[in-house]
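My notes are below, in the order I took them.

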Amino acid sequence: MTLIRDMCYPTPHELALAARALADEHPALARLRRIGASRAGEPLWLLSVGPTSAPATAPNVLVVAGAHANEPVGGATALALARRLLHEATGTGGAEAGGAATHTGAGATPVPTRASAPAAAGTTWHFLLCADPDGAALHRTPRPYSLLDYHRNFFRPPGPEQPEWAPSLLPPDRLPPETLALTRLIDELRPALQVSLHGTDLGGSWVQLTRDIPGLAEPFGKSAADLRIPVETSASDASGWPSPGAGIFVMPEPGTTADGPFHPEDTRLSTWYHAHRHAGTTAIVEVPMWASDLVDDPAPHPDPRAALRLLAGRLTADAARVAALREGAAGGTDPAAAALLRAVDWTLALIPRIAAEWTGPGAPAEATAAYIGSIDAFGRRLSLRAAAMLLRVLRAEGHPTAPAVDRLVTGWCEEFADRFQARWVPVATQVEHQSRVVLAAYDRLVAAGR
């Protein structure tokens with residue numbers, strides 16, 4: 001199989017330009033429209049691909065990219081899927097025999113392969129190109145060459161400012177405009193399938209579902225194996241959730257009490273479940289930037305509780321170091337600095353609860369090495385992200401502690417990469433895997449008659 005060697009993550013502006021070009025090239029099949037604006041007034045663009053004369057009862061699929069600013073692969077995947085669907089509709093091909101992602105032109109996204117049948121006739125696919133353009137403007141990572149490079153301009157907003165998570169943390173009258181635009185769109189389209197495209201910095205791939213999609217584990221696992229992407233079999237984001245297949249996790253039903261232990265948000269109040277109002281299903285597809293086989297190790301861990309106590313102690317100590325350094329950051333009136341510091345404070349506030357979960361009575365007596373590996377990575381990234389965002393503020397202020405924080409971030413990035421034997425997953429490979437899983441989820445949903 002021949003994949004392009006690499007590509008860059010497109011910015012929201014580049015995504016909009018590429019989508020406009022597709023709409024201009026295929027006016028009968030592709031349409032681009034603005035569905036709202038961000039808090040800073042940036043447009044939220046929706047690219048729709050499908051017949052303009054489709055009946056009102058024809059199914060819709062909604063694909064959401066860029067919900068987390070630090071996970072930029074989704075926009076590239078959305079464009080790749082749109083191109084694939086247009087190739088199918090126009091009969092122009094677009095995929096090499098044998099399963100290769102292809103592309104033309106500098107910076108173009110690959111066209112994902114499709115082993116299954118074409119999309120059901122009449123289905124329209126809708127791509128929200130970037131759900132949080134303001135966040136994307138603060139996280140600038142066209143093509144990171146190392147974990148340190150990735151964290152140099154890192155930004156991930158606090159939960160109440162994330163479009164998908166905000167409804168789980170804020171009352172309806174305080175929801176940000178990005179969230180309101182997304183929920184309006186879901187109510188308009190009533191999608192049979194909503195897909196949210198996410199990514200992780202280091203680890204493996206996994207899928208979270210609001211309802212089980214029977215048979216998805218097989219094509220998901222095949223794609224991961226084909227592309228040498230580990231499957232995160234015990235993802236910390238889905239700890240305790242039912243798993244009908246390796247790397248596939250089904251979220252708690254609305255109205256139940258179970259939820260992921262490492263988040264203050266209630267998953268069931270997120271925009272992922274908004275599709276349930278219209279009998280829809282949501283899939284969240286995660287793909288790593290750097291892969292690690294440690295999150296795909298099924299061997300039993302010899303002493304999970306001791307390991308979790310060790311990880312909790314390290315996380316608490318690391319957070320205390322960042323919190324002490326945080327006292328020196330003024331922030332001033334600069335909006336970017338204020339956003340970064342809100343995110344630092346939010347991240348640090350999560351840590352005491354997480355450490356308590358790891359050392360509490362619910363800590364597992366038996367677990368796999370993959371589970372401990374996933375927890376280890378989760379903890380490392382929390383303190384590292386807080387330190388990285390703090391460093392950006394201190395450096396901009398010319399603060400005398402900036403060099404010390406720089407050394408801390410550099411050391412933690414090196415330790416993270418070394419501990420997990422991180423290997424870069426080319427952007428084209430990330431896009432290919434994510435695209436295959438989206439198409440497989442749709443095909444399996446259609447096969448199940450939903």
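**Entry 1: the chain.** I noted first that this is a predicted model. I counted 11 helices and nine strands in the chain. Of its 450 residues, 58% come out as buried. Then I looked at contacts with a separation of 6 or more: 80% of them join residues 24 or more positions apart.

**Entry 2: H1 against H2.** I picked helix H1 (residues 12–25) and helix H2 (residues 73–90), whose axes come within 11 Å and cross at roughly 5 degrees. An angle under 35 degrees counts as roughly parallel, so H1 is roughly parallel to H2. On the H1 side I listed Leu 15, Ala 18, Ala 19 and Leu 22 as making the contact. On the H2 side I have Gly 75, Ala 76, Leu 79, Ala 82, Arg 83 and Leu 86. By class, I get eight nonpolar residues, one polar and one charged in this contact. The spacing in both lists made me recall that an α-helix has 3.6 residues a turn, so residues three or four places apart point the same way.

**Entry 3: H2 by itself.** I checked the length of H2: 18 residues, reaching 26 Å from first C-alpha to last, close to the 26 Å expected at 1.5 Å a residue. How many of its 18 residues are buried? I found 14, so I put H2 down as mostly covered, since buried means under 20% relative accessible area. After H2 comes Gly 91, with a positive phi near 70 degrees.

**Entry 4: the cores.** I turned to the nonpolar cores next. The largest has 108 residues, and those with the most contacts inside it are Leu 47, Trp 125, Phe 127 and Trp 358. H9 gives the most to this core, with 15 residues. A second, separate core has 14 residues, among them Leu 44, Leu 46, Ala 131 and Leu 189. For context, I reminded myself that in soluble globular proteins nonpolar side chains tend to be buried together.

Ala 82 was already on my list for H2 in its contact with H1.

**Entry 5: H10 and what follows it.** Helix H10 (residues 402–419) has 18 residues, which at 1.5 Å a residue should span 26 Å; I got 25 Å between its end C-alpha atoms, which agrees. Which residues of H10 are buried? They are Ala 402, Val 405, Leu 408, Val 409, Thr 410, Trp 412, Cys 413 and Phe 416. Their cover includes helix H4 (147–152), strand S5 (193–203), helix H7 (304–326) and helix H9 (369–397).

Gln 421 sits in the loop between H10 and strand S9 (423–424). I stopped there for its phi, which is positive, near 50 degrees, in a residue other than glycine. Most residues other than glycine have a negative phi. Gln 421 is at 61% relative accessibility, so I marked this residue exposed.

**Entry 6: another positive phi.** Arg 190 is not a glycine either, and I read a positive phi of about 50 degrees for it. I placed Arg 190 in the loop between helix H5 (177–189) and S5.

Entry 7: Gln 194 and Ala 283 are 89 residues apart in sequence, yet 6.4 Å apart from C-alpha to C-alpha.

Ser 374 lies in helix H9. At 1% relative accessibility, Ser 374 counts as buried too. Beyond its neighbours within four places in sequence, Ser 374 is in contact with Glu 232, Ser 234, Ala 235, Ser 236 and Val 295.

**Entry 8: Cys 8.** I ended in the segment before H1, where Cys 8 is found. Cys 8 has 42% relative accessibility, which means partly exposed. Its contacts, leaving aside neighbours within four places in sequence, are Pro 142 and Arg 143. Arg 143 is 135 residues away along the chain, and the two C-alpha atoms are separated by 5.0 Å.

Methods: Residues numbered from 1 in each chain as written. Heavy atoms only, no water. Helix = DSSP H or I, 4+ residues; strand = E, 2+ residues; numbered from the N terminus. Expected span 1.5 Å × (residues − 1). Buried < 20%, exposed > 50% of the residue type's maximum accessible area, 1.4 Å probe, protein only. Contact = heavy atoms within 4.5 Å. Axes fitted to C-alpha atoms, helices over the stretch in contact; angles between N-to-C directions. Parallel < 35°, antiparallel > 145°, perpendicular 65-115°, else oblique. Nonpolar A, V, L, I, M, F, W, Y, C, P; charged D, E, K, R; others polar. Core = buried A, V, L, I, M, F, W, Y, C linked by side-chain atoms within 4.5 Å.
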